[in-house]
Amino acid sequence: MNGELDLELYTISIIGLNNALETLDKTSFEEISNNLEEFYQDVINDLNQEEIQMNDYYMFFENGRTIFPQYIETLKKIDNDELKESLTSLINTFENLNKIVSAFPAQQEMIQ
């Protein structure tokens, strides 16, 4: 992604996830899991680039500090054997994203 977040993929994934949480559709969860894993891999690759659009990341990470733990908690509460593999994959991806967010200084910390 050349140091820029693919916010379109992320946004589509989150909207799809919110819809899938209402319907518990297996196909939707599988697709969202694949998309979020792709997004996560892009983030990892981007953060290893020499040039990074940090402003995009700060806003994303600030938002992630709030919503990633909430999604992890929500996904862990779903008890559905048919969705188990997709849910486990989604939880892992959100936990990996959350690790990055937690390790990254908050924008407030960088200003001070």
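Here are some notes on the helix packing and a few individual residues in this predicted model.

1. **H1 against H3.** The crossing of H1 past H3 is left-handed.

2. **Who meets whom between H1 and H3.** On the H1 side, the contact is made by Leu7, Tyr10, Ile14, Leu17, Asn18 and Leu21. H3 contributes Phe60, Asn63, Ile67, Phe68, Tyr71, Thr74 and Leu75. By class, the residues of this contact divide into 10 nonpolar, 3 polar and no charged.

3. Tyr10 sits in helix H1. Is Tyr10 buried or exposed? With a relative accessible area of 7%, Tyr10 is buried, because the cut-off for that class is under 20%. Leaving out residues up to four places away in sequence, Tyr10 touches Leu36, Phe39, Phe60, Asn63, Ile67 and Phe68.

4. **Who meets whom between H3 and H4.** The H3 residues here are Phe61, Gly64, Arg65, Phe68, Pro69, Tyr71, Ile72, Leu75 and Lys76. They meet Leu87, Leu90, Ile91, Phe94, Glu95, Leu97, Asn98, Ile100, Val101 and Ser102 of H4. Sorted by class, this contact has 13 nonpolar, 3 polar and 3 charged residues.

5. **Thr93 in H4.** Thr93 is found in helix H4 (residues 84-103), and it is buried, with a relative accessible area of 1%. Which side chain makes a polar contact with the side chain of Thr93? The partner is Glu37, at 3.0 Å. Apart from residues up to four places away in sequence, Thr93 touches Leu36, Glu37 and Tyr40.

6. **Leu47 in H2.** Leu47 belongs to helix H2 (residues 26-47). This residue is partly exposed, with a relative accessible area of 24%. Setting aside neighbours within four places in sequence, Leu47 is in contact with Ile52, Tyr57, Phe61 and Ile100. Leu47 and Ile100 are 53 residues apart along the chain, and their C-alpha atoms are separated by 9.9 Å.

7. **Leu24, worth a look at the backbone.** Where does Leu24 lie? Leu24 is in the loop between H1 and H2. Leu24 has a positive phi of about 55 degrees, although it is not a glycine. With a relative accessible area of 36%, Leu24 is partly exposed.

Conventions:
Residues numbered from 1 in each chain as written. Predicted model: local features only at pLDDT ≥ 70, side-chain atom pairs only at ≥ 80, totals over all residues. Heavy atoms only, no water. Helix = DSSP H or I, 4+ residues; strand = E, 2+ residues; numbered from the N terminus. Buried < 20%, exposed > 50% of the residue type's maximum accessible area, 1.4 Å probe, protein only. Polar contact = N/O pair within 3.5 Å; in protein donor to acceptor, adjacent residues only side chain to side chain. Contact = heavy atoms within 4.5 Å. Left-handed = near helix turned anticlockwise from the far one by under 90°. Nonpolar A, V, L, I, M, F, W, Y, C, P; charged D, E, K, R; others polar.
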